Amino acid sequence: MRPSFKTLQKILRQEQKFGYTNKAVIGGLERFANNWLNMALKETGRKEDRLQIEQIVIRLKKYGRATPEERQLSLAGILQELEAGPQAADAQPAAPSGPQTDAPSSPPPAEKPAPPPPRPQSASLPPDGLQAPVTRLPGIKEAYATKLNKLGVQSVGDLLTLYPRRYDDYRSLKTIHQLEYGETVTIIAQIWQTRTKTTRSNRPLVTSILSDGTGTIEATWFNQPWLEKKLAPGRQIVISGQVQQYLGRLIFQSPEWEMLDKTLIHTGRLAPVYPLTSGITAQWLRKLQKRTIDYWANRLPDPLPEAISQRHGLMALSEATRQIHFPDNWETLKEARRRLAFDELLLLQLGVLRQRQTWQARPGIAIAVNRPAVEAFIAALPFALTQAQQKTLAEILADIGRPVAMSRLLQGDVGSGKTVVALAAMLAAIKGGGQTAILAPTEILAEQHYKGMHHLLDAAGYADKIDIRFLTGSTKSAERKAILADLAAGQVDLLVGTHAVIQRDVVFNNLQLAVVDEQHRFGVEQRGLLRQKGQAPHMLVMSATPIPRTLALTLYGDLDISIIDQMPAGRQSIKTHWLAANERERAYAFLRTQIEKGRQAFVICPLVEESDKIEAKSAVEEHERLQKTIFPNLKLGLLHGRMKGKEKEAVMTAFRNAEIQILVSTSVVEVGIDIPNATTILIEGANRFGLAQLHQFRGRVGRGAHQSYCLLVADNAGPEAEARLKVMTETNDGFALAEEDLKLRGPGEFFGTKQSGLPSLKLVKLSDTKLLELARREAQSIFEADPTLTRPEHRLLANNLNAFWTKLTEPS
């Protein structure tokens, strides 16, 4: 045993003999704690030992305020750790009077996982349980409930899944004389003095002088005058934060704080940092979460069969819930995240397996594919299909020829030729006597498809043989009425449109094949509504956002997958360059040279809080600045998400007709604009976009015969953003970019926050392929053994599955 441990052991045994009266040393154990801390830290440099020593000191400093029973438990726990040796904190739970110590910095060797502790059953839940509104919680009135609603919290259950954004590590305990500028630490000290003064800007400034026997330090808080009464002289306080400097002396500015006689939730630990909104402070929300977790964690029924938990060493749900909010250390946080992410993935996989079974059980229409007609159409095109296109088309034609409704995802990079494959399949359905429809997320993209398909049919000599119509929310009433009448009568062969296509009064005579483009912009519900327009029509969903296979299988396991991984011959690679903000003038000069050659260009405005309103204002201001000061002699256009459909269309028509030379736009330009004469796209604030979105922007150029360019202008790019931009300059392969993107971003960010159709995956990191595979394997095993989830061990899982998919289940 180390000398410092022996010394403390003797003193604590003496204290036991004295009957826990705090008289074993002069001044009490709390005063002795600082001296012992310095003595113990000199004997070791190991992080694990240091954390154990610091946690012992925290308990010693609480000793003076503890009851005799608490003192007895505390000393017993400390003595047990001292006798077990320096690493006891990693293997031994802390005594009840203090928080647990940290785990080693490197994970322990893999061991056979211990069985999870018994889980609470549903009987332990109150009648309205987790669905109870937050107003049922003590102290939560309607005003606070309204504020919490802005964070997506309406029920008690929502609070449990309002996970921290990050964690502040305040476990490093030091005495005042050990503090160094810039470090994030925790100190335990006595308040000597607290006073309030008013600054020159008329803001109240509360200042406390703190001492721990080794020195003094000042802590300040702005705009919190009520702290003067709270921070009364003589009280013991725990302060956590970054050590700052003012006039040559060290200080704390607006640190986290709490009194030593309370359970530490803001300081001296890994402190959770939650998303906030106006009227809710970090400390208030942390306290609310601590109360909620303490009460509810042990009452949560665990839906995961024990055999699965034991097989994979998964943490019990109650413990995972506690650790994700208030972790003991980084290792337990990692295990908690693994368990909760596994639950999300398992529910996702069970849901898509159920959807797949539902659709495969429904009888579909086997289309009599007229292959000679399809081959004649392809032969008449002014270009040859790539091998990848031919393979994909063969898979689709084989599917629609079977009496089971097709559900297939067609993936292909920007410009890979998905539309012509879809059109060939639609032609097969039309020649077989059926109707077809294609659903696009925006009017711009829908019109692009309408004109593009017209062009392809005309080029192949089919324009007068196929009745193709266009239906959107902007279609005039009389025209709409005529389209609906012809559609119901079976005269319309191919309907191109937006959400207007799935409105209740749109009736098909015999819909056999439905195509959804940019499918990640539609929810599962919209796909279901389109399917209801026919008797289990075949469904083809297309995506120009390359999705890595692991992610595609996870999110779209109910779909078969086809990939066009080959670009048409002759398509030029787009040259991409990354510029710093101070090189913007070079980019403007390059745009001018392209315009002088008769070309056109895009300028994409930075992403602003992903808000249409703020983003539109930013675009308007940027357009005005560029027009007046940068390109006064050129004609600039403006496009943003707040414009009406007719306004957007007028701008796009002018750009297509070369009446506009530079189009200034927000991210609304990401999809569906095909201007062959546009050769340059300048993306401002490129560091704010993900790789998938940047690649979509880049795909707006390079559609003509001329060499095209993508210029990325970054402002204050951090390491992650720099890595993304570097990859953009190195490859034009959308699938390679998607793989990189998913290493850094979750699925919601990958598709953009405005996209719909994905369940709420709060903790899943889709780069964790091992966990994805594990969840898929277990879901398949469960589904094969009990597809209806009616076995007793699966009932809780069935309830959670239904809740998880409530807003996403396809209409039956």
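How many residues apart are Asp294 and Lys290 in helix α9? Hi everyone, let's start there. They are 4 residues apart, about one turn of the helix. Helices here are DSSP runs of H or I with at least four residues, strands are runs of E with at least two, and both are numbered from the N terminus.

A word on the model before I go on. This is a predicted model, where local features need pLDDT of at least 70 and side-chain atom pairs count only at pLDDT 80 or more, while totals for chains, interfaces and linings use all residues. Residues are numbered from 1 along each chain as its sequence is written, and side-chain values use heavy atoms, with hydrogens and water left out.

Asp294 and Lys290 form a salt bridge, with 3.0 Å between the closest N and O atoms. By salt bridge I mean a side-chain nitrogen of Lys or Arg within 4 Å of a carboxyl oxygen of Asp or Glu. Asp294 is partly exposed at 47% relative accessible area, whereas Lys290 is buried at 16%. The cut-offs are under 20% for buried, over 50% for exposed and partly exposed in between, with a 1.4 Å probe and protein chains only.

The structure holds 24 salt bridges in total. Another one links Glu395 to Arg408, with the closest N and O atoms 3.7 Å apart. Glu395 sits in helix α14 (residues 387-400) and Arg408 in strand β9 (residues 407-412), so this pair ties together parts 13 residues apart in sequence. Arg408 is buried, at 8%, and Glu395 is partly exposed, at 24%. Then there is Glu583 with Arg586, at 2.8 Å from N to O. Here Arg586 counts as exposed, at 54%. Shared partners also join Lys391, Glu395, Asp399, Arg402 and Arg408 into one salt-bridge network.

Now for the aromatics. Searching the whole structure gives 10 aromatic pairs. Rings of Phe, Tyr and Trp (its six-membered ring) pair if their centres lie within 6.5 Å; planes under 30 degrees apart are stacked, over 60 edge-to-face, and the rest tilted. Tyr144 and Trp284 have ring centres 4.3 Å apart and planes at 10 degrees, so they are stacked. Tyr144 belongs to helix α6 (residues 142-149) and Trp284 to helix α9 (residues 282-296), so the pair ties together parts 140 residues apart in sequence. Tyr295 and Trp296, by contrast, are edge-to-face, because their planes stand at 80 degrees, with centres 5.6 Å apart. Trp296 is buried at 5%, and Tyr295 is partly exposed at 38%.

Tyr144 has a charged neighbour too: Lys147 lies over the face of its ring, 5.0 Å from the centre. That label requires NZ of Lys or CZ of Arg within 6 Å of the ring centre and within 35 degrees of the ring normal.

Last stop, the sheet. Six strands, in the order β16-β21-β20-β17-β19-β18, form an open sheet with parallel pairing. Pairing needs at least two DSSP bridges between two strands. At the edges are β16 (575-580) and β18 (636-639), each pairing on one side only. β16 pairs with β21 (residues 709-714) over 6 bridges, and Lys575 stands opposite Tyr709 in β21. Finally, helix α23 (residues 691-698) lies across β16, β17, β20 and β21, at about 150 degrees to β20. Contact is heavy atoms within 4.5 Å, and axes are lines fitted to C-alpha atoms, for helices over the stretch in contact, with angles from 0 to 180 degrees between N-to-C directions. Thanks, everyone!
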